[in-house]
Amino acid sequence: MNPNSSHIHKSFDYKNTELLKKFLNPHGRILSHGRTGLTAKAQRSLALAVKRARFMALLTFVAR
Amino acid sequence: MSENKVIDPELVRLYEISYLVSPALAEDKVHSAVLPLKDLLAGKNAAVSAEESPKFRRLAYPIRAAIAGGKKQVFDSASFGWIRFESEADTIGEAKKLLASSPDIIRFLIVKTDAPEPAKTFSSRHIRPADPAAPAFEPQGTGGSAETKVVVSSEELDRKIDELVGV
């Protein structure tokens with residue numbers, strides 16, 4: 001998505017849903033590591049943040 | 001925040017609790033829902049480093065939850081707030097019980113955090129020059145007692161903070 005994203009994002013905050021949404025597809029699924037261009041560490045951080053945000057109903061589990 | 005603590009700094013950790021307050025509560029009373037939690041934290045000498053008071057928002061999906069020990073209800077909106085604090089681990093167990101039994105909190109999440117604010121976490125490779133100094137401290141740490149090690153690290157911390165503030 002953003003070739004520079006790996007340099008900007010080291011860790012993700014689950015409360016920052018606007019940022020997290022950029023790494024979701026229209027169905028609300030997390031984009032693959034290949035699409036996000038994140039480092040492995042940042043991608044794990046993204047996954048964790050998205051899952052926390054889903055639990056707190058800040059993001060949807062499934063969007064149709 | 002500098003009360004006379006008997007807390008061992010080794011055991012203190014940064015935690016963050018976020019919560020959803022029931023929309024049934026009037027907007028001016030939303031803050032009262034988390035007062036028991038804040039009292040608990042104050043009683044435990046927890047240092048609150050950041051917080052955001054509950055703000056009303058639509059939920060991404062409807063939540064079914066029982067409030068005030070009654071029947072389960074469906075909520076599609078709630079007030080979302082969070083609080084970040086430093087404390088020992090046993091506080092968390094009590095906070096968890098407190099929140100679970102709280103009548104107005106429909107959901108909460110307790111997480112351990114490391115970074116204070118993930119604002120400018122990256123692009124800060126230039127702030128690394130503290131590294132060359134690090135090896136100089138290491139022999140001291142291994143040779144000296146644990147007490148001196150703590151002193152050195154706090155100095156280093158101060159210096160880093162100064163650097164960051166300067167930037």
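This is a predicted model: local features need pLDDT of at least 70, side-chain atom pairs count only at pLDDT 80 or more; totals for chains, interfaces and linings use all residues.
## Chain B at a glance

Chain B has four helices and four strands. Reading from the N terminus, its elements go β-α-β-β-α-β-α-α.

Of the 167 residues in chain B, 17% are buried. If you take the contacts in chain B with a separation of 6 or more, 76% of them come from residues 24 or more positions apart.

## The sheet

The four strands of chain B make an open sheet, ordered E2-E3-E1-E4, with antiparallel pairing. Out at the edges sit E2 (47-66) and E4 of chain B, each of which pairs on one side only. Going from one strand to the next, the twist averages 20°.

## Who pairs with whom

Start with E1(B), residues 13-21. Nine bridges tie this strand to E3(B), residues 72-87, and the two run antiparallel. If you want a spot to look at, Tyr19(B) has Gly81(B) in E3(B) as its bridge partner.

E1(B) also pairs with E4(B), residues 105-112, over seven bridges, again in the antiparallel sense. Here Ile17(B) stands opposite Ile110(B) of E4(B).

That leaves E2(B) and E3(B), an antiparallel pair held over 13 bridges. In this pairing, Glu52(B) has Trp82(B) of E3(B) as its bridge partner. When you trace side chains along these strands, keep in mind that in a regular strand they alternate between the two faces of the sheet.

You'll find Ala57(A) in the segment after helix H4 (40-55) of chain A. Is Ala57(A) buried or exposed? Ala57(A) counts as buried because 23 other C-beta atoms lie within 10 Å, and the cut-off for buried is 20 or more.

Asn45(B) sits in the loop between helix H1 (35-43) and E2 of chain B. With 17 other C-beta atoms within 10 Å, Asn45(B) is partly exposed, since that class lies between the exposed limit of 12 or fewer and the buried limit of 20 or more.

How values were computed. Residues are numbered from 1 along each chain as its sequence is written. Chains are lettered from A and ligands numbered from 1 in the order in which they are written. Two strands pair if DSSP finds at least two bridges between them. Axes are lines fitted to C-alpha atoms, for helices over the stretch in contact, and angles run from 0 to 180 degrees between N-to-C directions. Two residues are in contact if their C-beta atoms, placed from the backbone, lie within 7 Å.
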